[in-house]
Amino acid sequence: MSSVYHLSVCLPYDTRNPIQRISEGKGFRFINLPRILNGDSQYVHIKKLKWVRDFIYQNKELLHSIVMFTDSHDVLVLSSVSDIVGRFFKADCDLLFSAEKLFSPWLPDEKPYRAEIKKFFEGAKEDIAAYPNSGCWIGYGWAALAFLDVVIAYADKQQDRDDQRVVQDILARGECPQNVKVKLDVDQEIFVSVVNNGYDIVWSGNSIFYKDRNDPIPVFHANGYKKSIYFIDIYTKMFYGTSTQNFDVRVLKNNGKYLSFKDGKFFLTNSFEKTSLNVLVKARKYFCIFDNDGNVFSFNPLDRTVGVGDCVVDNLEIFNTDNMNEKLSLYLGDGVKITFENHILNNIWGFYSDQVGERLIKYFYNL
């Protein structure tokens, strides 16, 4: 396969999402646009389409290559280039746009004609992602160039600075170039957005899964939602901030209910909540317990006290799965039956604080 380009814009100021290193590790040829870090002080969203259009125009080798575009701060590329390109081929189109389940920009803030634009994309199936999202797309370079030329000309005419709005307008009005077959990834086979998917996305090891699908999500798009960007922060710190990847983050249960802790006492709940506990598991054998603020629990078997904090003093926070029921019965009482469950991402961005990733990384090497 010839080079498959991954274009993105405005890399993060810090290393919370090392998208270039991740992308190149997956086999893409990564290019950040513009080369000046984080763009310019006059940035508006339509500029990212203009930067991509100009880059393809100036680098003719992209015309006959496959080009994937993603935003940078809120995207995780999780599959190999061959997997993503294979999915694109199955879509049978020249250009495939990401799609989401919520129409954005928010309709009450829009001009009256936009109600008809929204109606155009509404489908008969309620569960599909019906609405175009311009933050992620993949296609042939020539098709992207032709489509972006039309979109940018329309944006200039309308004096519109919003990339998503102009892409939606062009698609709904049927003004795409006649030789470009454009589709939306309505079944989210490549690009999975977090919008209205919080209960459908599951985290297991270094993979993220959508609903009951056996294969991991190829490209995870947080859609700028702050809490889901916290998840990206946790994920990248763990899997790209350490040298070992043989670990997992799970929900902690006792006898089928969520184990929680508050005011120095353990108790059980029927659903995951702010007081519920988690485990960081290494090699499926060793684990520590932590809360939704990233505080790790330390257990003293001599006086049966429990400490909670963000500092590791000794090894009293480490458990072995072989004898965990016996050890934890000192603190939880008789009849302990501990199990670990995969996290539904809605739990993470509903209850995790932004301190979790920073604090957990301190404990990783102690496991």
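This is a tour of a predicted model, stop by stop, with a selection at each stop.

Residues are numbered from 1 along each chain as its sequence is written. Local features need pLDDT of at least 70, side-chain atom pairs count only at pLDDT 80 or more, and totals for chains, interfaces and linings use all residues, while side-chain values use heavy atoms, with hydrogens and water left out.

**Stop 1: the six-stranded sheet**

Select S1, S2, S3, S5, S6 and S7, which form an open sheet of mixed pairing in the order S2-S1-S3-S6-S5-S7. Strands (E, at least two residues) and helices (H or I, at least four) are DSSP runs, numbered from the N terminus; two strands pair if DSSP finds at least two bridges between them. At the edges are S2 (29-33) and S7 (182-184), each pairing on one side only. Neighbouring strands are turned by 25 degrees against each other on average, direction ignored. Axes here are lines fitted to C-alpha atoms, for helices over the stretch in contact, and angles run from 0 to 180 degrees between N-to-C directions.

Next, select residues 4-9 and 66-70. These are S1 and S3, which run parallel and are joined by five bridges. Ser-8 has Thr-70 in S3 as its bridge partner.

**Stop 2: helices on the sheet**

Select 81-91 for H3, which lies across S1, S3, S5 (95-100), S6 (131-140) and S7, at about 100 degrees to S6.

Which residues of H3 are buried? They are Val-81, Ile-84, Val-85, Arg-87, Phe-88 and Ala-91 (buried means under 20% relative accessible area, exposed over 50%, partly exposed in between, with a 1.4 Å probe and protein chains only). They lie on the same side of H3 because they cover an arc of only 155 degrees around the axis, the arc being that of the directions from the helix axis to the C-beta atoms. Just after H3, Asp-92 has a positive phi of about 55 degrees.

**Stop 3: Ser-23**

Select Ser-23 in H1 (residues 19-25). Ser-23 counts as buried because its relative accessibility is 0%. Leaving out residues up to four places away in sequence, Ser-23 touches His-6, Phe-28 and Phe-30 (contact means heavy atoms within 4.5 Å).

**Stop 4: the largest pocket**

Select His-45, Lys-48, Asp-71, Asp-74 and Gly-224, the closest to the centre of the largest pocket among its 26 lining residues. The volume of this pocket is about 560 Å³. S6 gives the largest share of the lining, three residues.

**Stop 5: two hairpins**

Select 247-254 and 257-262, which are S12 and S13, paired in the antiparallel sense over two bridges. Asn-254 has Lys-257 in S13 as its bridge partner. Two residues separate the strands of this hairpin, and Asn-255 in the turn has a positive phi of about 55 degrees.

Tyr-258 stands opposite Thr-269 in S14. This hairpin also has two residues between the strands, and Asp-263 takes a positive phi near 55 degrees.

**Stop 6: helix H10**

Finish with 356-363, which is H10; Val-356, Gly-357, Arg-359, Leu-360 and Tyr-363 are buried there. Their arc of only 165 degrees around the axis puts them on the same side of H10. These buried residues pack against H7 (226-240), S15 (278-282), S16 (286-290), S17 (296-300) and S18 (305-309).

Notes. 1 Å grid on protein atoms, 1.4 Å probe; cavity = no way out; pocket = protein on both sides within 12 Å on 5 of 7 lines; lining within 4 Å. Points joined across faces, edges and corners; volume = space filled by probe spheres on them.
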